[in-house]
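Please read the points alongside the coordinates.

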Amino acid sequence: DFLCISLVNGFTQLRYNLGDKTVILQTLQKVHANGNTWHSLKAGRVGNEGYLDLDGINITQKASPGMNALDAHTDFFVGGVSSLSLVNSMAIENEPTGFTGCIREIVINNRELKLTATDPKGGANVGDCDGTVCGYTVCKNSGTCQIENSGFFCSCPQEWTGTTCEQSIYCSQNMCGSQALCIPQPSTFSYTCICALGWSGKYCDSKIKFYIAKFAGNSYIKYTDPYYGKRDLQYSRISVNFTTSHTEGLIVWMGKSEDEDNDFLAIGIANGTLKVVINLGEKISVPLMHSKYFTCCDERWHFVTVVQNRTCIKVYLDEELILFEDIDPQRKYTALNYGGICYFGGFEIGRKVDVVTTGLFQKEFIGKIKDVVLFQDSKKIQLMKAEGYNVYDGNSEN
């Protein structure tokens, strides 16, 4: 399998093979080879349907029956490869050769690659293309970079300030505590403070403790499991108590959630009923739904336990076994490599649940969570000791 983007006789070409046939897409127009024109290129596939867009002009290859997963567990190369022998003969029309030119702002699956000297795994013969202290990301929020004798200067749009236009004018005089985030509210010419775990109040200046975590919809807790290195990942288990009045919401996501290759186990509410999704590898997400005349959004406490015994999944709701399924009798992948990360209620500020979970869950959780136990641990995890924002004391009614 491969996916390759190349220049062929001045045209941009996308080629990919998912295991059965090579699909070829080529742009209608040539690129400007004058060395001073930037082009915007978008290329990819959904299943085996491909698309290629150069400067807003789109070419789409309609899907046909066949394979629809790209099984290419290799390094990702930009501009060239460490050895030309690595290039599949079907991946490019002519003899493979390295790219000469400038590349910037590479985004793979909604995640930007940092094109610095230190972030990539390796490389050779790559220099600074801009040649100045102004790069495309120096000035944030659509600021304009101008070169000065001593460095650079950012001209900021009306609502932004700071040396790199990184700060909203509405937050420049904010009173949020040191453990808080200032979120600008342009419509009211104001701001709101989002409190870190253990803080509350309008300006996040009141210290709190809680054993029941209350989530307001733009809340999350990120817990790092200190015992991850000692876990037997073929036999995972998580238990949690929750209560909610909402019909949609992500309760727990065990997994790093950094890219689509990460394993995960997720528990949430979908259409008013319990939904569990597990992925042990190769992006094969298996959703398990329970809809036996039951609603989870009745504001009562419910106790859910998910047990993974290799590929066999058991789900208990209020101590009753409601789901039991072998998600892969072939036993191809049997371990939940969740990276020692557990999210509760949602993800980091700015990361939408429906985007991160690719539509498996629609919204952040609104409700309360308590008594979380991982594996067969004798103690509940201390949610207060984790990272997170906008989580309240579930014991009180405020």
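1. How many of the residues of strand β20 (residues 264–270) are buried? Seven of its seven residues are buried, and the strand is mostly covered. Buried denotes under 20% relative accessible area, exposed over 50%, and partly exposed the range in between (1.4 Å probe, protein chains only). Strands are DSSP runs of E of at least two residues, numbered from the N terminus.

2. On the basis of the values: this is a predicted model, in which local features need pLDDT of at least 70 and side-chain atom pairs count only at pLDDT 80 or more, while totals for chains, interfaces and linings use all residues. Residues are numbered from 1 along each chain as its sequence is written, and side-chain values use heavy atoms, with hydrogens and water left out.

3. On the partners of β20: strand β19 (residues 249–254) pairs with β20 in the antiparallel sense over five bridges, and W253 stands opposite A266. Strand β21 (residues 273–279) also pairs with β20 in the antiparallel sense, over seven bridges, with G268 opposite K275. Two strands are taken to pair if DSSP finds at least two bridges between them. The hairpin of β20 and β21 has two residues between the strands, and N271 takes a positive phi near 55° there.

4. On the largest nonpolar core: it holds 46 residues, of which M254, L274 and F344 touch the most other members. Such a core is a set of buried Ala, Val, Leu, Ile, Met, Phe, Trp, Tyr and Cys residues joined through side-chain atoms within 4.5 Å. Its largest share, four residues, comes from strand β17 (residues 213–224). Leaving aside residues up to four places away in sequence, L274 has contacts (heavy atoms within 4.5 Å) with residues including F242, I267, I269, L288, V304 and L317.

5. On the second core: a separate set of 15 residues includes I194, F264, I341 and F347. In soluble globular proteins, nonpolar side chains tend to be buried together.

6. On a further sheet: three strands form an open, antiparallel sheet in the order β4-β5-β6. Its edge strands, β4 (41–46) and β6 (57–61), each pair on one side only. Six bridges join β4 to β5 (residues 49–54), and L54 in β5 is the bridge partner of L41.
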